[in-house]
Amino acid sequence: MIFSKAMNDALNKQIGNELFASFSYRQMAFELEELGLKIFSTRFHQQADEEHEHAMKMAKYIEDCGGHVKLGGIDAPKTGHGTCKAMAEAALESEKRVSRQIFDLMNLAESEKDHSTRSFLKWFVDEQVEEIASMSDLLQLVEMAGDGNLFLAEQRLSEMMKADPHG
Ligand code: MG
């Protein structure tokens, strides 16, 4: 095993964190659909898929390093957000939280002089900058539209998704 037991455990914990983020986006995608916001719903389903991919990327790294993947329980996501704005805010908060989790992992890798994991985690550090920027843009869009004009926000989001299919 290339990394320590502590690092293996921490990476397993992050798999759970990514899956929880995926679960949360999935729940919000269905709530957005219930609000009639199909484009926002599609965007959040896409984000849920991405978070799942992040979990799998981490699992593959553990296996490649000769470690052990151990999946744990996932908490139920928050439900009943009520508004699109509440969900955009929750999405941004989620990305900020995940960034702190990735930083904690990076701090552990640095303290253990674990260069393999540091190199691996760099992708996640960069990815989180993108995710926060993307969710900040989304929240700004919702705030500009206001409650009465979310259909305009949907049109704009649709254009943004065509221009940048990966969010
Ligand atoms: Mg993620």
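Colleague: Which residues is leucine 150 in contact with, leaving aside its neighbours within four places in sequence, and what makes each of these a contact?

Modeller: Leaving those neighbours aside, leucine 150 is in contact with Leu37, Cys84, Val142 and Ala145, where contact means heavy atoms within 4.5 Å. This is a predicted model, in which local features need pLDDT of at least 70 and side-chain atom pairs count only at pLDDT 80 or more, while totals for chains, interfaces and linings use all residues. Residues are numbered from 1 along each chain as its sequence is written, and side-chain values use heavy atoms, with hydrogens and water left out.

Colleague: Why is cysteine 84 called buried?

Modeller: Its relative accessible area is 4%, and buried means under 20%, whereas exposed means over 50% and partly exposed lies in between (1.4 Å probe, protein chains only); cysteine 84 is therefore buried.

Colleague: How do you know which residues donate to the magnesium ion?

Modeller: Donors are N, O and S atoms within 2.8 Å of the metal (3.2 Å for Na, K and Ca), and since water is not among the atoms, sites may look incomplete. The magnesium ion is coordinated by Glu18 (OE), Glu51 (OE) and His54 (ND1) at 2.0 to 2.2 Å, and along the chain these donors follow the spacing E-x32-E-x2-H.

Colleague: What separates glutamate 51 and histidine 54 in helix α2?

Modeller: They are separated by about one helical turn, because they stand three residues apart in helix α2 (residues 38-64); here helices (H or I, at least four residues) and strands (E, at least two) are DSSP runs, numbered from the N terminus. Glutamate 51 counts as buried at 0% relative accessibility, and histidine 54 counts as buried at 2%.

Colleague: Why is the aromatic pair of phenylalanine 3 and tyrosine 61 called tilted, and what makes that of tyrosine 61 and phenylalanine 120 stacked?

Modeller: Rings of Phe, Tyr and Trp (its six-membered ring) pair if their centres lie within 6.5 Å, and planes under 30 degrees apart count as stacked, over 60 as edge-to-face and the rest as tilted. Phenylalanine 3 and tyrosine 61 lie 5.9 Å centre to centre with 50° between the planes, a tilted pair. Phenylalanine 3 is in the segment before α1 and tyrosine 61 in helix α2, so this pair ties together parts 58 residues apart in sequence. Tyrosine 61 and phenylalanine 120 lie 4.0 Å centre to centre with 5° between the planes, and that pair is stacked.
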